[in-house]
Amino acid sequence: MLCDVCNATVDSNAPRVSADTFRLLLDCGFGLNETNVQMVMDGGVPRAEAIARLTAAYKTSQSDWVLCDVCFQKAKSNITS
Ligand SMILES: [Zn+2]
C-alpha cells in the first residue's frame, strides 16, 4: 500500500482518515504533495491553479485516505491547531 499523500510505502496497519476529515485538512493547507503539484505545473499550469485543481479533485474523494506515520503526525498537528 502507498500513502495517499506522499506515496511512501505503508503497511496495512497504516492510519486512515475519513474523506470528511481529509476535506478539513485540505482547508488547513494539508494534503497536497509537492511532487503532484509539480506534475500539474509541468503541464504549463501556474502554481496557484495547480494547487486549486488538486484540492478540488481531492475534495471529491468519498473513500478513506491512507496515511504514512509522517503524514499522519502532520495531519494531527494540523487538525488540532
Ligand atoms: Zn505520507
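Trainee: Why is Leu 26 called partly exposed in this predicted model, and not buried or exposed?

Mentor: In this predicted model, Leu 26 has 18 other C-beta atoms within 10 Å. A residue is buried at 20 or more such atoms and exposed at 12 or fewer, so with a count of 18 Leu 26 is partly exposed.

Trainee: Where does Leu 26 lie, and which residues is Leu 26 in contact with, leaving aside its neighbours within four places in sequence?

Mentor: Leu 26 lies in helix α1, and, with those neighbours left aside, Leu 26 is in contact with Gly 31, Thr 55, Tyr 58 and Lys 59.

Trainee: What separates the C-alpha atoms of Leu 26 and Ile 79?

Mentor: Their C-alpha atoms are separated by 10 Å, although the two residues are 53 residues apart along the chain.

Trainee: What makes the set that includes Trp 65 a nonpolar core?

Mentor: The term requires buried residues of the listed nonpolar kinds, joined through C-beta atoms within 7 Å, and the largest set of this sort has 11 residues, namely Cys 3, Val 5, Val 10, Val 17, Phe 22, Leu 25, Trp 65, Leu 67, Cys 68, Cys 71 and Ala 75. Helices α1 (19-27) and α4 (69-80) each supply at least two residues of this core. Beyond its neighbours within four places in sequence, Trp 65 is in contact with Asp 4, Arg 16, Val 17 and Phe 22. In soluble globular proteins, nonpolar side chains tend to be buried together.

Trainee: How is the crossing of α2 and α3 described, and what is its handedness?

Mentor: The axes of helix α2 (residues 34-41) and helix α3 (residues 47-59) come within 9 Å and cross at roughly 115 degrees, and the crossing is right-handed. The contact is made by Asn 36, Val 37, Val 40 and Met 41 of α2 together with Arg 47, Ala 50, Ile 51, Arg 53 and Leu 54 of α3. By class, this contact has six nonpolar, one polar and two charged residues.

Technical notes: Residues are numbered from 1 along each chain as its sequence is written. This is a predicted model: local features need pLDDT of at least 70, side-chain atom pairs count only at pLDDT 80 or more; totals for chains, interfaces and linings use all residues. Two residues are in contact if their C-beta atoms, placed from the backbone, lie within 7 Å. Axes are lines fitted to C-alpha atoms, for helices over the stretch in contact, and angles run from 0 to 180 degrees between N-to-C directions. A crossing is left-handed if the near helix is turned anticlockwise from the far one by less than a right angle, and right-handed if clockwise. Ala, Val, Leu, Ile, Met, Phe, Trp, Tyr, Cys and Pro count as nonpolar, Asp, Glu, Lys and Arg as charged, and the others, Gly among them, as polar.
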